[in-house]
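Dear colleague,

I am handing over the structure we spoke about, and I would be grateful if you could look through it with the notes below at hand.

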Amino acid sequence: MAQIETFYGVMRRQGITRRSLLKYSSLTAAALGLGPTFAPKIAHAMETKPRTPVVWLHGLECTCCSESFIRSAHPLVKDVVLSMISLDYDDTLMAAAGHQAEAALEHTLEKYKGEYILAVEGNPPLNEDGMFCIVGGKPFLDQLKRAAKDAKAVIAWGSCASWGCVQAARPNPTQAVPIHKVITDKPIIKVPGCPPIAEVMTGVITYMLTFGKIPELDRQGRPKMFYGQRIHDKCYRRPHFDAGQFVEHWDDENARKGYCLYKVGCKGPTTYNACSTVRWNEGTSFPIQAGHGCIGCSEDGFWDKGSFYDRLTNIKQFGIEQNADEIGTAVAGGVGAAIAAHAAVSVIKRVTSTSNKEHGEQES
Amino acid sequence: MALEKQLELGDSEEKVRKQVAVYVYEAPVRLWHWVTVLCILTLSITGYFIGSPLPSVPGEASDNFLMGYIRFAHFSAGYILAVAFIGRIYWALVGNHHSRELFIVPVWSGKWWAELWHEVRWYLFMVKTPKKYIGHNPLGQLAMFSFFVIGNTFMILTGFALYSEGLGSGSWADQLFGWIIPLFGQSQDVHTWHHLGMWYIIIFVMTHVYVAVREDIMSRQSLISTMVGGWRMFKDDKPD
Ligand code: HEM
Ligand code: HEM
Ligand code: SF4
Ligand code: SF4
């Protein structure tokens, strides 16, 4: 196999100093929750290990994952990580275009057969033989399958690749599916979110590159280190939830006081993501801090779970959209009315049959 | 007890039904029934307020813990409900014949179907006299199985799945019940179903209590006092 450069080699070529590498390593160790002792390990791994080639494909998507990725908190993070991955293939970020680009991809897939990590942003539509997403004149579906065949592991970037996201929302005319429906024989690391947080993305990729293994995943295939808890579990407004202090209307005094957004439909209690700990835009803020409830963007099928301002899903099978309580009270009301009617008839029957008896009739 | 013995010694059920009193529900069944009643009452009220919390309380967050107490009551009652239900299943294995009626509906028995049909007609005012039953009447038995046993199991499973989310990944609840979440899709779906399940149970309870009171008055046997003291009293000694 061809001699592959180390990460450090690549970085030096990109003009990154050793000091920067160490800084990056300690930042990443912290983001991964590994503690300061791991920083030298990361640095050491990056200095000595051959860099892992990454191929980054784009299917049906809006590129928000890439946008998020290149806005990682520390400018270094993106330089370091980009220098590790963009060289091979990423049709949005790389310099090459057209046939040249396709040739570069083919070259990478051949040269690093069984070695490279496949990162997928977006997903393949299956309808009409995949004609709703064409890359280089061919269905993205084919490119995805081709690239997945010899990949060591697969990363599903964002809610599109992980769950399907908006293009797979009902009625899903293009039959867009999450990539695990197409790639069934490789480990897939799901990094959902619309988009995922930059530090989460770089954290996951750095973990894999430096430790040479995939991070520990939960039942649904998400890295536990970032998706092990709900927004609600680490939300700074949680004390207001436990106290029973809620924003009742968007413009009320409680909203100004920063009370819990549960009653205005916050989906933090049902959403697994790192927003309430890592936050966004260099740790500046996150939706709840800005006064809006979580919409559950990293959860399976979040577009199809009814309004962003309802905590529970409406049930459409009942014709008009109804929530669980409306259905419940309606049915319970019906049952109550039936019981009342039944009781009334019972009383009447009883009275009449008793009077019948009094008139000497025989009961059968 | 003597009469129950008689039954066990091989006297036909027909004969016993003409007796005046039979010991039907053993103490653990009765205790379980009323513990479950209290739990479900607590769970429904607190569950409703978890779904639609009370108006906000004034003051500092650190001085209040209303939602916390409501959830604590919900989870405690949930634990008791679940443990009691396991106890009830155990008692179905070791208890008397009637302790199994809740779980085993004899759908294979022609006689059972005939009695079920009779019972339906009794409720539709199509027959004047109900039959006597030592245990549950077939209609009641069917409703108790399909609404209560299924509903209760569903609520316990989804309830502990939600509970596991609070305890966190890797906790015992997560290991035992965490798999339920992806089964429904995601956490939000489990919340919605758990919430709908409450109404399923409430419908059972409404009907059940109405029927218990009505039958106590109109049928030919005691009901409510049977669930309190265990003895089934018959109001006449005519044959079924
Ligand atoms: C008949 C039995 C039960 C009823 C009627 C009931 C009712 C409810 C209702 C209405 C909710 C609110 C759902 C929502 O709107 O999000 C809820 C939430 C919940 N229930 Fe139950 N429940 C029952 C049994 C259980 C059991 C056995 C457990 C297990 C410990 C349990 C644990 C929970 C948990 C953890 C939540 C979520 C609390 C939160 O999000 O803060 N429930 N329940
Ligand atoms: C949350 C409320 C309730 C639930 C979930 C519930 C559930 C049940 C269940 C599962 C049984 C079957 C017992 C067995 O076979 O082991 C039963 C029997 C019975 N329950 Fe309840 N119950 C509730 C409330 C009540 C109330 C309030 C009354 C009294 C008015 C009542 C009266 C009875 C009676 C009389 C029986 C025996 C029926 C018979 O002899 O066929 N229940 N109940
Ligand atoms: S704002 Fe949302 S995430 Fe935060 S405590 Fe309230 S419900 Fe939970
Ligand atoms: S707070 Fe919720 S909706 Fe907002 S980015 Fe995080 S997971 Fe997505």
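What follows is a short account of what was found, taken part by part.

Please keep in mind throughout that this is a predicted model.

I begin with ligand 1, which lies between chains A and B. It is surrounded by 22 residues, of which Arg71(B), His74(B), His191(B), His194(B) and His195(B) are the closest. In the side chain of Arg71(B), an N or O atom is 2.6 Å from an oxygen atom of ligand 1, while a polar side-chain atom of His191(B) lies 2.7 Å from an oxygen atom of this ligand. As for the helices of chain B, at least two residues of the shell around ligand 1 are supplied by each of helix 3, helix 4 (66-94), helix 6 (138-167) and helix 9.

Turning to ligand 2, there are 21 residues around it, and those that come nearest are His33(B), Arg88(B), His136(B), His208(B) and Arg232(B). A nitrogen atom of ligand 2 is 2.7 Å from an N or O atom in the side chain of His33(B), and for the side chain of His208(B) the distance from a nitrogen atom of ligand 2 to an N or O atom is 2.7 Å. Tyr25(B) also takes part, with an N or O atom of its side chain 3.0 Å from an oxygen atom of ligand 2.

On the surface there is a nonpolar patch with about 620 Å² of accessible area together, and its members include Trp34(B), Val37(B), Val205(B) and Ile224(B). Helix 3 (27-51), helix 9 (187-218) and helix 10 (224-229) of chain B each contribute at least two of its residues, and the largest share, four residues, comes from helix 9 of chain B. Val205(B), which is found in that helix, has a relative accessible area of 33% and is therefore partly exposed.

In chain A, helix 2 (residues 18-31) has 14 residues and reaches 20 Å from its first C-alpha to its last, which is close to the 20 Å expected at 1.5 Å a residue. The buried residues of helix 2 of chain A are Ser20(A), Leu21(A), Tyr24(A), Ser25(A), Thr28(A) and Ala29(A), and the helix is followed by Gly33(A), whose phi is positive, near 70°.

With kind regards

Conventions:
Residues are numbered from 1 along each chain as its sequence is written. Chains are lettered from A and ligands numbered from 1 in the order in which they are written. This is a predicted model: local features need pLDDT of at least 70, side-chain atom pairs count only at pLDDT 80 or more; totals for chains, interfaces and linings use all residues. Side-chain values use heavy atoms; hydrogens and water are left out. Patches are made of residues with over 30% relative accessible area and no salt bridge: like charges are joined within 9 Å, nonpolar side chains (Val, Leu, Ile, Met, Phe, Trp, Tyr) within 5 Å. Accessible areas come from the Shrake-Rupley method with a 1.4 Å probe; for residues, only the protein chains shown count as cover. A salt bridge is a side-chain nitrogen of Lys or Arg within 4 Å of a carboxyl oxygen of Asp or Glu. Buried means under 20% relative accessible area, exposed over 50%, partly exposed in between (1.4 Å probe, protein chains only). A residue is near a molecule or strand if one of its heavy atoms lies within 4 Å of it. A polar contact is a pair of N or O atoms within 3.5 Å; within protein, one must be able to donate a hydrogen and the other to accept it, and residues adjacent in sequence count only if both atoms are side-chain atoms. The expected span of a helix is 1.5 Å times one less than its number of residues.
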